[in-house]
Amino acid sequence: MNDDALIHDLARRLDAGALIPYMGPGLLALCPDAKVPATPLALAEIMTAKVSVPHKIRKRLTQAAQFIENFKHRKSVVSLMDEAFATTPQPSALHAALAASGAPLWIDTWYDDTFGRALAMARPEGGWVRIQGLSQSEHFGHWTCVYADDGERLAELPAEPGRVLYQPIGNRRPASNYLVSDSDYVEVLTEIDIQTPIPALVQQQRAGRGFLFVGCRFDDQLTRSFARQIMKRSSDRHWAVLPEPPTRMEARFLEEQGIERIAMPLPDFADALVQALAPAALAA
C-alpha cells in the first residue's frame with residue numbers, strides 16, 4: 001500500500017471509530033508557538049536549572065524528580081511541573097483533526113494540555129470526559145480520577161461518558177496531576193501487568209481497535225511498558241509515525257506488537273492526514 005492509500009485508509013478507520021490516536025510529546029513540533037518542554041530531557045533540564053541535583057542525574061527526568069521529591073518536597077515537584085507547563089500551545093491542524101474525528105478514545109502521554117484545548121475547540125458542545133493517572137504519593141489507593149469536559153472533577157464516570165481522553169501520566173490541567181518521579185512509575189508498573197491502573201472504560205474501548213502512534217518514540221523502557229499494557233487485548237494491527245530509523249529495541253517492540261512503521265516526516269504525515277479527514281469533518 002502506498003503512502004496516499006495508507007493515509008486514506010487510516011482516515012477511514014479514524015472516522016469509523018476503529019482507530020485510537022496515541023499521542024506523544026513529539027506532536028508539539030507541529031505547534032509553532034509551543035513554549036513548553038517537548039522531551040523528557042528538556043523537562044529535566046528545566047527542573048534541574050531551578051533545583052540543584054547531583055550531576056549524574058541532571059538529564060534523567062524521573063531520577064531528578066525523585067531527588068527533588070525526597071530532598072525538597074512533593075509540592076516542589078508539582079510547582080516545577082506547573083511552571084514548565086503553565087502555557088498551553090495553540091493546537092496544530094493535526095490536533096484539531098484528531099479531536100474532530102470519530103475516534104472513541106484518545107491517549108495523550110505528555111503533560112501539556114494542547115489536545116485538551118483541541119477537544120474543547122472541536123467539540124464545544126462537550127460530550128467527552130478526561131481520565132487521568134494519579135501519583136500514589138498524593139492519592140494513595142486511587143489510580144485515576146475523572147473530569148468532565150469543563151474540568152469539574154467527577155466522583156465517578158457518567159452513565160454515558162461519551163468519548164474519552166485518557167492521560168495515563170497525568171496532565172497540567174485541570175488539577176496538576178503528574179506521574180513523573182521514579183516512585184510514581186514504580187507504583188504503577190508494579191500493577192500494570194494485571195491492568196489495575198488502566199481504567200475499565202479504556203480497556204473496553206480498546207478492544208478490537210488499532211492504535212495510531214504520533215509523536216511517540218519507544219526508545220526507553222517506560223514508554224514501551226505503558227504502550228504495551230495500554231494496547232493489551234486490542235487489534236493486532238497498529239501504525240506508528242516514526243521518520244527516524246528505530247533503535248534496536250524500538251524495532252523489536254514494533255515487530256512484537258504488530259506496529260507498522262510509517263517513515264514519513266511528521267509534518268508531511270500531518271498535512272496528508274488532515275486533508276484526508278477534512279471531508280468527513282465538514283460533513284459532521
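Buried means under 20% relative accessible area, exposed over 50%, and partly exposed in between (1.4 Å probe, protein chains only). This is a predicted model, where local features need pLDDT of at least 70, side-chain atom pairs count only at pLDDT 80 or more, and totals for chains, interfaces and linings use all residues. Residues are numbered from 1 along each chain as its sequence is written, and side-chain values use heavy atoms, with hydrogens and water left out.

**Around α6**
- Glutamate 125 counts as exposed because its relative accessibility is 61%.
- Look for glutamate 125 in the loop between α6 (114–122) and β3 (128–133); helices (H or I, at least four residues) and strands (E, at least two) are DSSP runs, numbered from the N terminus.
- Over in α6, the buried residues are Thr114, Phe115, Gly116, Ala118 and Leu119.

**Salt bridges**
- There are 13 salt bridges here, each a side-chain nitrogen of Lys or Arg within 4 Å of a carboxyl oxygen of Asp or Glu.
- Arginine 12 pairs with aspartate 9, with the closest N and O atoms 3.8 Å apart.
- Arginine 12 and aspartate 9 are about one helical turn apart because they sit three residues apart in helix α1 (residues 3–15).
- Arginine 12 is exposed at 53% relative accessibility, whereas aspartate 9 is buried at 13%.
- Arginine 130 bridges to aspartate 113, the closest N and O atoms being 2.7 Å apart.
- That pair links distant parts of the chain, with arginine 130 in strand β3 and aspartate 113 in the loop between β2 and α6, 17 residues apart.
- Arginine 130 is buried at 7% relative accessibility, and aspartate 113 is buried at 8%.
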